[in-house]
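Please keep the sequence and the model side by side while reading.

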Amino acid sequence: MSKIIDLRVEFTINPLGLDEPKPRFSWIFMPATRGNSQKAYRIVVGSLNNITKDSGDVWDSGIVESDDNIVEYKGLPLKSYTRYYWKVKVWDKEGKEYSSDIAWFEAGVIEPKDWTWIGGGQLMRKEFVIDKEVEEARVYISGLGYYELRINGNRVGDKALDPPWSEYTKTVYYSVYDVTKLIRKGVNAMGVILGRGRFGQRFGSVKYYGEPRATVMLRVKLIDGSVVEINTDENWKCLQSGPIISDDIYLGFRYDARLELKGWDLPGFDDSSWMSCSKLPPIGKLRSSATIPATKVMAILKPRDHLNPATGIHVFDFGQNITGWVRVKVKGGIEGSEIRVRYAELLNPDGTLNTLDLRGAESTDVFILRGEEVEILEPRFTFHGFRYVEITGYPGTPSMDDVEAEVIHADLEPIGSFVSSNNLLNSIHRITLWSLKGNLMNGVETDCPQRDERMGWLGDAWLSSDSAVLNFNMIRYYEKFINDIIESQKGDGSISDVAPPYWEIYPADPAWGTALIYIPWGLYVYYNDKRILENSYDAMKKWWNYLNSMTKDGILYFNKYGDWVPPGRVRSVEHCPPEIISTWILYRDTKLLSRIAKILKKDTEAELFEEKAKQILEAFNRNFLSEVSMSHYSTMGYYSTYTSPDGSKVKFGGSQACNTLPLVEDMVPKEALEQVVKSLVKSVEVDWDKHLNVGIIGAKYVPEALARYGYVDLAYDTLTQESYPSYGYMIKEGATTLWERWEKLTRSGMNSHNHHMFGSVDNWLYKYVAGLEVLEPSFKKVLIKPWLYKRLSHASASVRSIRGLVSVEWELRNSVFKLKATIPSFAEIHLPKISEKVEVLESGSIISEKTPGILSIKEGSDWIIVEASSGNYDFEVRSVKGR
C-alpha cells in the first residue's frame with residue numbers, strides 16, 4: 001500500500017525550539033506500484049484540533065500540482081513558544097489520495113527578546129517557587145563555552161558538549177529542553193555548571209572571547225493557563241571556584257571531588273556565602289540549535305587489552321581510534337589521592353604511551369578522590385582523540401570492567417551503507433566513517449581530534465563532504481558550518497582557512513576557501529537545497545571577487561598549501577605548482593557560480609561568470625599546457641615555467657594531480673586530450689607502479705579521472721594496494737582511522753592518525769564500485785552503473801535520500817550478472833554486457849519496454865542502458881551462445 005512517511009521540519013523529526021520563521025517541510029511518498037509517483041500535495045498547519053479535521057488554521061497550502069517534497073512554509077507569522085501540528089496529503093499519478101500521520105514542531109524564540117547574560121562563577125544557581133500545578137515547562141539556555149544544566153538534582157538533556165562552536169561575536173546557539181517532568185509545584189532549584197570550551201580558551205594563539213557566562217530562560221505554563229518565566233539576572237547566586245580546578249580542550253580536565261557541594265542543585269541548599277552573579281553585556285545573536293545535530297555520547301567501548309609496562313602504570317587498548325574520553329570506576333580510594341588519565345593514539349615499543357604527535361596538547365585528566373567506597377571518574381567540558389589510555393595512581397589494579405570509553409560525535413543520522421566482496425575496500429570504508437564521525441562534532445568538521453589544533457579547516461571539510469553526505473544526513477550540519485564561514489568573512493571578501501576563525505588565518509588558500517562554494521553546491525545536488533545557495537551567494541561572490549582581484553593575466557598565483565601532503569612531503573612545487581591548483585580552483589568556482597546564478601534566476605550574472613570562466617580557461621591552457629621532452633620520449637601535460645638563478649627556464653609539474661585537475665573539469669583541448677590522459681596513466685601505472693603520488697586534492701580526483709577516461713581498473717588497482725603509499729598500507733600498519741600522512745609517522749610533528757581529509761575515497765566506492773551516482777538534485781534521477789573488476793564478485797550500497805531509499809546490489813557469478821535496485825523517482829541503469837550477446841531479464845522475464853516501470857532500453861557496445869521509474873527491480877544479464 002502506498003504511504004507517506006518521514007515527515008520533517010527543517011529536515012528534523014518533530015523539532016523542539018525551532019526559530020526559523022519560514023521552515024521547510026519535507027516528506028517521502030512511497031508508492032506501492034512501479035512507476036507511480038506524487039502528482040500533487042497539500043500541507044495543512046495549525047492547532048491539533050483543526051489538523052485532525054484536515055483543516056489548517058495557520059496555513060493551508062491548497063492543492064499544489066507538483067512532485068516537490070521539500071516545501072517552504074508560507075502561512076501566518078509563527079509565534080514564539082507555540083507548538084504547531086501539521087500533515088500532508090498526496091495525490092499520485094492515478095489521482096488516488098493519501099494522508100500522512102500528524103507531526104509537530106514547536107517554535108523557540110522567534111520574536112525579538114532581550115537575553116540577559118550573567119557570569120562570575122563556575123557554579124550558578126537559582127531557587128524559585130511554582131504555586132500551581134505544572135502543565136508544561138521549557139528551558140532555553142546557552143552557556144559559554146560549555147555548560148551542564150541541572151534542575152532539582154537532575155541533569156537536563158543528553159548533550160555532551162553544548163552549545164555548538166561559533167563565531168561568538170556574531171552568533172551564539174541556544175538549546176531548548178522539555179523539563180515538564182522536572183518542575184514541580186512548590187520550591188524548585190535550577191543550577192548551571194560552566195566550562196571554558198572554545199569561548200574561554202586560553203591556549204597559545206587560539207582566539208579568546210571572554211570568561212564563562214550563561215543565559216537561561218525557564219517558561220512554565222501552569223494548569224490555569226498562566227505562564228511563569230524565570231530569567232538569569234543579578235538575583236542568581238554564583239560560586240567562583242567549585243570542584244573543577246581547570247577544564248581545557250587541549251590540556252584536559254582537573255577535578256577535586258573533595259570540593260563537591262552535595263545538594264547545591266536542590267532546593268534548600270544554603271548559598272548564603274555565594275556571591276550575586278554579575279550581569280554581562282550581550283555578545284552575538286542567539287539562534288536555536290534545535291535542528292543542528294548535537295554532540296552526544298554515541299557509543300560505549302570496553303578495552304580489548306590491558307598492558308602493564310611498568311609498576312603502577314596501566315595502559316588500556318580500545319582497539320579503535322576514537323574521539324571522547326574514558327570513565328573509570330574506583331573502589332577503595334583514599335581521600336586526597338590523585339588519579340591521572342592520559343590519552344594517546346600510539347604506543348612506544350615498550351608499551352608506554354607515545355604522545356609526541358599531540359604536540360602541546362597534554363590530553364590528561366586528573367582526579368583527586370573524595371575517599372568514598374566507589375567513585376566514578378569522568379571528565380566534563382573536554383574531549384580527546386585516542387586509542388590508548390594510561391591510568392596511574394589507581395588504588396590496586398584496575399580491571400577491564402573498571403574502564404570504558406565513551407565515544408562522542410555529532411548525533412548525525414546514518415543514511416548510507418557500502419559493502420563489497422573485497423575486505424580491503426570494506427576496511428577503507430570503515431576507517432573513513434570512523435574518521436568522519438571523530439571529527440564531526442561541536443557543529444563543525446575539525447581536521448583532527450587529538451593534538452593542539454582541532455580546527456574547522458575548510459580544505460579538509462569540502463574534500464570529504466561528498467563522502468559525508470552519502471553516509472549521514474548532513475544538510476543542517478553543513479548549513480551551520482557555511483554560516484560559520486560567512487561570519488568569518490571580512491569586508492574585503494577574504495575568509496579564514498578555518499571556521500569558526502579561532503585561528504585567524506587570512507586570506508584562505510583558494511583550494512581551502514572553495515568550501516564556501518563547493519559545499520553549498522553539494523547540498524543543492526544531494527538535497528535540492530536552494531536556500532543555502534540563496535543565503536551564501538553574496539558571500540560567494542565577495543570571496544570570488546577577492547581572489548579574482550589577485551589574478552595576473554588570468555592566472556591566480558596566490559596559494560599556501562598546494563596539493564597538501566603527497567608521499568614523503570608536506571607540499572611539492574616541483575610536482576604540482578600551486579598556481580596550477582589555484583587557477584583551476586578559480587575556474588571551477590567561476591563555473592559553479594554561473595550555475596548557481598542561473599538556478600537563482602540571476603541570468604545576467606550567470607552569463608558574466610560563464611564568460612569569465614572561458615577567459616580563465618584560455619589563460620590556463622595558454623600558460624600551463626605544454627609538451628615536454630624527456631630522455632627517451634616527449635609528453636603532453638600541465639606545467640608551470642620557472643626561472644632558475646642562472647636565468648635558464650625550467651618546467652615544474654606534469655604530475656598526477658596537475659594532469660588530473662583539468663581532465664575532471666573538461667578543460668583539456670580535444671587535440672591534447674589523448675596525450676594528457678596517457679601522461680596521467682603512465683605516471684600511475686608505470687612511474688608509480690599503480691600507486692597514487694598525490695596529496696589530498698589529487699587523492700580526490702585522480703581515481704575519478706582514471707575512471708572517467710576508461711581506466712577504471714587502474715583506479716581500482718591504486719585503491720587496493722597494500723604497499724606504500726596507499727590506503728591499504730595504512731590499514732596493514734594498524735590504522736583504524738585515516739592518517740594525515742601516507743607515511744606511518746610516530747614522532748612529533750604533523751602526523752595525526754585521525755584525519756578525514758583523505759576520506760574522499762568513500763565517494764569513489766559508492767560511485768564506481770557499487771555504481772551509484774546522483775544525476776538530478778535530491779536523487780530525483782540517479783545513475784546506476786556498476787563496473788566489473790577481476791577481483792570483485794559483488795558490491796552493494798544504499799542511501800536513504802530525501803526522496804526515499806536508493807539502493808543497488810550486484811553480483812557476477814558463473815557468467816550471470818544480477819542487479820537489484822530500489823529507485824525513488826527515476827534512474828538510468830547501465831547493465832554490463834558480459835559477453836558479445838546477452839539477454840536481460842527483469843523479475844524472471846525477458847525485459848521489454850512493456851515491462852512495468854521500464855521507460856526505455858538501448859543497447860551499446862559495452863552496456864544495456866535501461867531507463868526506469870520508481871520501484872524495486874531485479875535484473876539478470878545472461879550470456880547467449882551464438883549460432
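What follows begins with the domains and then turns to a helix, the cores, the aromatic pairs and some backbone details.

This is a predicted model, in which local features need pLDDT of at least 70 and side-chain atom pairs count only at pLDDT 80 or more, while totals for chains, interfaces and linings use all residues. Residues are numbered from 1 along each chain as its sequence is written, and side-chain values use heavy atoms, with hydrogens and water left out.

The protein chain is divided into domain 1 (1–105), domain 2 (115–286), domain 3 (293–358 + 369–374 + 390–408), domain 4 (414–767) and domain 5 (770–877), with bounds that come from an automatic or database domain assignment. Between the C-alpha centres of domain 2 and domain 5 the distance is 55 Å. An unreviewed UniProt entry lists residues 132–288 as "domain: Bacterial alpha-L-rhamnosidase N-terminal"; UniProt positions are given in the numbering used here, feature names are shortened, and such annotations may be inferred rather than shown by experiment. In the model, residues 132–288 are 0% helix and 49% strand, and the end C-alpha atoms of this span lie 29 Å apart. Helices (H or I, at least four residues) and strands (E, at least two) are DSSP runs, numbered from the N terminus.

Helix H10 (residues 603–624) has 22 residues and reaches 31 Å from its first C-alpha to its last, which is close to the 32 Å expected at 1.5 Å a residue; the expected span is 1.5 Å times one less than the number of residues. Which residues of H10 are buried? They are Ala606, Phe609, Ala613, Ile616, Ala619, Phe620, Asn621 and Phe624, where buried means under 20% relative accessible area, exposed means over 50%, and partly exposed lies in between (1.4 Å probe, protein chains only). An α-helix has 3.6 residues a turn, so residues three or four places apart point the same way. The buried residues of H10 pack against helix H8 (530–548), helix H9 (578–599), strand S40 (625–629), strand S41 (634–643) and helix H11 (656–664).

Lys530 is found in helix H8, and Lys530 counts as partly exposed because its relative accessibility is 41%. Leaving aside neighbours within four places in sequence, Lys530 is in contact (heavy atoms within 4.5 Å) with Tyr524, Ile599 and Leu600. Lys530 and Ile599 are 69 residues apart in sequence, yet 8.1 Å apart in space, C-alpha to C-alpha.

In soluble globular proteins, nonpolar side chains tend to be buried together. Here the largest nonpolar core has 223 residues, and those with the most contacts inside it are Val326, Met474, Trp764, Leu819, Ile829 and Leu831; a nonpolar core is a set of buried Ala, Val, Leu, Ile, Met, Phe, Trp, Tyr and Cys residues joined through side-chain atoms within 4.5 Å. Met474, with neighbours within four places in sequence left aside, is in contact with Leu412, Leu440, Ala468, Val469 and Tyr527.

A search of the whole structure finds 50 aromatic pairs; rings of Phe, Tyr and Trp (its six-membered ring) pair if their centres lie within 6.5 Å, and planes under 30 degrees apart count as stacked, over 60 as edge-to-face and the rest as tilted. The rings of Phe11 and Tyr527 have centres 6.5 Å apart and planes at 65°, so this pair is edge-to-face. The pair links distant parts of the chain, 516 residues apart, with Phe11 in the loop between strand S1 (3–9) and strand S2 (16–18) and Tyr527 in helix H7 (residues 515–527). Both Phe11 and Tyr527 are buried. Trp264 and Trp274 form a stacked pair, 6.4 Å centre to centre with 25° between the planes. Trp264 counts as buried at 9% relative accessibility, as does Trp274 at 5%.

Most residues other than glycine have a negative phi, and most peptide bonds are trans. Ser363 has a positive phi, near 45°, and counts as buried at 1% relative accessibility. Phe779 has a positive phi near 60°, and counts as buried at 4% relative accessibility.
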